[in-house]
Amino acid sequence: MEYTKIDKKHLLVRLDPNDEIVASLMKVAAMEKIELAMVQGLGAVKKAVIGVYNVPEQKYYANTLEGAFEMLSLTGTIDTMNGKPYSHFHIALGDEQGLAHGGHLNEAYISATAEIVITKLNGTVDRVKSPETGLNIWKF
């Protein structure tokens, strides 16, 4: 992984083979002391664990995908929970047949490269666990 700041609000992150997306972006967030940001990206993934949240059960169901995938879209936020960096990312992956798979990103490993833009936002937003949904939601 390498990254560069192109101005006060934008960072470009390049991930390399075997880099894991969530861990890499959380490392950048910690090093750069990012408290609030939007994330966008694309690239190529060889393995991903993506989830779908069942609200009544308050439980994530994970699906593991392995193979050749284009990362059609990585989108999400970086903020904080209890003062520490926190991520909420969703991913859409296209397989060799052109079918799309998507959901909440738990982890994904790069096969070739990924190009990710982090756009820092002014302010801070912390998260708190919602008793109603079981999710860690923004606390305003």
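Modeller: Buried means under 20% relative accessible area, exposed means over 50%, and partly exposed is in between (1.4 Å probe, protein chains only). One caution: this is a predicted model, where local features need pLDDT of at least 70 and side-chain atom pairs count only at pLDDT 80 or more, while totals for chains, interfaces and linings use all residues. Residues are numbered from 1 along each chain as its sequence is written, and side-chain values use heavy atoms, with hydrogens and water left out.

Colleague: Which residues touch the most other members of the largest nonpolar core?

Modeller: I21 and I118 do, out of 29 residues in that core. At least two core residues come from each of β2 (10-15), α1, β3 (37-54), β4 (59-81), β5 (84-94) and β6 (100-120). Nonpolar side chains tend to be buried together in soluble globular proteins.

Colleague: What makes something a helix or a strand here?

Modeller: Both are DSSP runs, numbered from the N terminus: helices are H or I with at least four residues, and strands are E with at least two. The protein comes to 1 helix and 8 strands, in the order β-β-α-β-β-β-β-β-β along the sequence.

Colleague: Why does E32 count as buried?

Modeller: E32 has 17% relative accessibility, and the cut-off is under 20%, so it counts as buried. E32 is in helix α1 (residues 21-32). Leaving out residues up to four places away in sequence, E32 touches Y3, K5 and L11, where contact means heavy atoms within 4.5 Å.

Colleague: What joins the side chains of E32 and K5?

Modeller: A polar contact of 3.0 Å. That term means a pair of N or O atoms within 3.5 Å; within protein, one must be able to donate a hydrogen and the other to accept it, and residues adjacent in sequence count only if both atoms are side-chain atoms.

Colleague: And K46: why is that one partly exposed?

Modeller: K46 has a relative accessible area of 34%, which lies between 20% and 50%, so it is partly exposed. K46 lies in strand β3. Among the residues K46 touches, beyond four places in sequence, are N18, L65 and Y109.

Colleague: How do you know that β1 and β2 pair?

Modeller: Two strands pair if DSSP finds at least two bridges between them. Strand β1 (residues 2-5) and β2 have 4 bridges, in the antiparallel sense, so they pair. A hairpin of 4 residues joins β1 to β2, and Y3 stands opposite V13 in β2.

Colleague: What does β2 pair with over 6 bridges?

Modeller: With β6, again in the antiparallel sense; V13 stands opposite I116 there. Side chains alternate between the two faces of the sheet in a regular strand. In β2, the covered face has L11, V13 and L15, and the uncovered one has H10, L12 and R14.

Technical notes. Core = buried A, V, L, I, M, F, W, Y, C linked by side-chain atoms within 4.5 Å.
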